[in-house]
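I opened this entry to go through side-chain packing, ring pairs and charge pairs. My notes follow the order in which I looked things up.

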Amino acid sequence: MTSGTAGRLRRGAQLAAAALLVLAVGVLLGSAATGASVSEDEVHAIASELRCVVCQNLSVADSPSEMARQMRDLIRERLAAGDRPAEVKAYFVQRYGDWVLLAPPARGLNLLLWLAPFGAVAAGLVVVATLARRWRRQAPRELAAPPAVGQADRDRLAAELERLGD
């Protein structure tokens, strides 16, 4: 080998070592910056807003299923990668739909589900008010007219009182 070739090889090796060093430092700084900021409280907060796709009645935070554990791990990984909590939830919504949210947004058909209980209560109050008004109007009419007692009833009452008096 000539001295020029050896020098080029040495410079190439130095450049490769420098590139590897920069890459390693970048990976270490990137993982330290994002990985250290993920706390279990953050993971739990997001997981408590998502429905377990296996259990369907439990949040991802409360579900003991393997799928829920995998979802919690995915939440942790996405937070470590730098995603914000809203982006993590958006990822699950994109994958499973609004159904995966324990409190789905009030829009579209979900809006009907949010408003139906209030509508039912309002309709019930209208029915109760209408019935109460009818009963109130009918009660005075019925009480205002004295009961009709004919002469036969009066005679029978007088005879009964005489018999009891004896």
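Arg76 and Asp73 are three residues apart in helix H3, so about one helical turn separates them. I am working on a predicted model. I looked up the pair and found a salt bridge, with the closest N and O atoms of Arg76 and Asp73 2.9 Å apart. I then checked accessibility: Arg76 is partly exposed at 27%, and Asp73 is partly exposed at 26%.

**Other salt bridges**

I searched the whole structure and got nine salt bridges. One of them joins Arg156 to Asp153, with 2.9 Å between the closest N and O atoms. Arg156 and Asp153 both belong to helix H6 (residues 151-165), where they are three residues apart, about one turn of the helix. Arg156 is exposed at 57% relative accessibility, whereas Asp153 is partly exposed at 35%. I also traced shared partners: Glu40, Glu66, Arg69, Asp73 and Arg76 are joined by salt bridges into one network.

Arg78 I noted for two contacts. Arg78 forms a salt bridge with Asp83, the closest N and O atoms being 2.9 Å apart. Arg78 also lies over the face of Tyr91, 4.1 Å from the ring centre. Arg78 is partly exposed at 25% relative accessible area, and Asp83 is partly exposed at 21%. I found another charge over a ring at Trp99, where the charged end of Arg51 sits 5.3 Å from the ring centre.

**Rings**

I counted two aromatic pairs. The ring centres of Tyr91 and Phe92 are 5.3 Å apart with the planes at 80°, so I logged the pair as edge-to-face. Phe92 and Tyr96 are stacked, 6.5 Å centre to centre with 10° between the planes. Phe92 and Tyr96 lie four residues apart in helix H4, about one turn of the helix. I recorded Tyr91, Phe92 and Tyr96 as a cluster linked by ring pairs. Phe92 is buried, at 0% relative accessible area; Tyr91 is partly exposed at 22%, and Tyr96 is partly exposed at 27%.

**Core**

Which residues touch the most other members of the largest nonpolar core? I read off Leu50, Ile75, Leu79, Phe92 and Val100, out of 17 residues. Helices H2 (40-47), H3 (66-80) and H4 (85-96) each supply at least two residues of this core. H3 gives the largest share, four residues. I listed the contacts of Phe92, leaving out residues up to four places away in sequence: Leu50, Met71, Leu74, Ile75, Gly97 and Val100.

Definitions and conventions
Residues are numbered from 1 along each chain as its sequence is written. This is a predicted model: local features need pLDDT of at least 70, side-chain atom pairs count only at pLDDT 80 or more; totals for chains, interfaces and linings use all residues. Side-chain values use heavy atoms; hydrogens and water are left out. A nonpolar core is a set of buried Ala, Val, Leu, Ile, Met, Phe, Trp, Tyr and Cys residues joined through side-chain atoms within 4.5 Å. Buried means under 20% relative accessible area, exposed over 50%, partly exposed in between (1.4 Å probe, protein chains only). Contact means heavy atoms within 4.5 Å. Rings of Phe, Tyr and Trp (its six-membered ring) pair if their centres lie within 6.5 Å; planes under 30 degrees apart count as stacked, over 60 as edge-to-face and the rest as tilted. A charge sits over a ring if NZ of Lys or CZ of Arg is within 6 Å of the ring centre and within 35 degrees of the ring normal. A salt bridge is a side-chain nitrogen of Lys or Arg within 4 Å of a carboxyl oxygen of Asp or Glu.
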